[in-house]
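Please look at the structure first and try each task before reading on.

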Amino acid sequence: MKQFEEHCRRIFKPVLEVKFGSKIVKIEHGDYGELINYQNETTGITIYNEPRDGIFVSLSRLVNGKIPKYPLQIEANTPLNTYYLEDIIFFNTSKDNLGKRIKNYLRKLNFPLKFDLTKTLTRYATELEEHAADILNGDFKDFPELEKIVKRRAGVI
């Protein structure tokens, strides 16, 4: 369990701490996995390690200075302030007509044939810098479109 935390601290420091002014605000180790929350003045970043499902990274618009809880059930009127990095990458690349190719790329990112924690986390750090810099700098202009993607997938719009 400590291995995940140590790798995150080392790999995400140049991007999240140095470049975007984030700090670690929470670390959890539990029966179902582990997570690390980073936060700057506007944005929360959660890195999950769920041994059965893989690594997940989400970005949140802070609400009252805190990372909001992700809703357990999404309805048409559910406000969303948190999105997975995969959705952000898909949205950004679909603007450039790369959306179809990115689905296979993302599957390989999170579920490689031979899982390598260091390579996976390094790749996520790179993707955060490339595809989520605007969000990490407090620009949430794409959130309404991301909300449509998530709600369509949930079948509520």
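**Exercise 1.** Determine in which hand α2 passes α4, and describe their packing and contact.

Solution. Helix α2 passes α4 in a left-handed crossing, where left-handed means that the near helix is turned anticlockwise from the far one by less than a right angle, and right-handed that it is turned clockwise. This is a predicted model, in which local features need pLDDT of at least 70 and side-chain atom pairs count only at pLDDT 80 or more, while totals for chains, interfaces and linings use all residues. Residues are numbered from 1 along each chain as its sequence is written, and side-chain values use heavy atoms, with hydrogens and water left out.

Next, take the geometry: α2 and helix α4 (residues 117-131) pack at an angle of about 45°, with their axes 10 Å apart. That makes α2 oblique to α4, since angles under 35 degrees count as roughly parallel, over 145 as roughly antiparallel, 65 to 115 as roughly perpendicular and the rest as oblique.

Finally, list the contact (heavy atoms within 4.5 Å): α2 contributes Leu-85, Glu-86, Ile-88, Ile-89, Asn-92 and Thr-93, and α4 contributes Tyr-124, Glu-127, Leu-128 and His-131.

**Exercise 2.** Find the angle at which helix α2 and helix α6 pack, and the residues that make the contact.

Solution. Helix α2 (residues 85-94) and helix α6 (residues 143-154) pack at about 115°, and their axes lie 10 Å apart. The two helices are therefore roughly perpendicular to each other, and the crossing of α2 and α6 is right-handed. On the α2 side the contact is made by Asp-87, Ile-88 and Phe-91, and on the α6 side by Glu-145, Leu-146, Ile-149, Val-150 and Arg-153.

**Exercise 3.** Search the whole structure for aromatic pairs and describe some of them.

Solution. The search finds five aromatic pairs, where rings of Phe, Tyr and Trp (its six-membered ring) pair if their centres lie within 6.5 Å, and planes under 30 degrees apart count as stacked, over 60 as edge-to-face and the rest as tilted. One of them is the tilted pair of Phe-12 and Tyr-38, at 6.4 Å centre to centre with 50° between the planes. This pair links distant parts of the chain, with Phe-12 in helix α1 (residues 2-19) and Tyr-38 in strand β2 (residues 33-39), 26 residues apart; helices (H or I, at least four residues) and strands (E, at least two) are DSSP runs, numbered from the N terminus.

Notes: Axes are lines fitted to C-alpha atoms, for helices over the stretch in contact, and angles run from 0 to 180 degrees between N-to-C directions.
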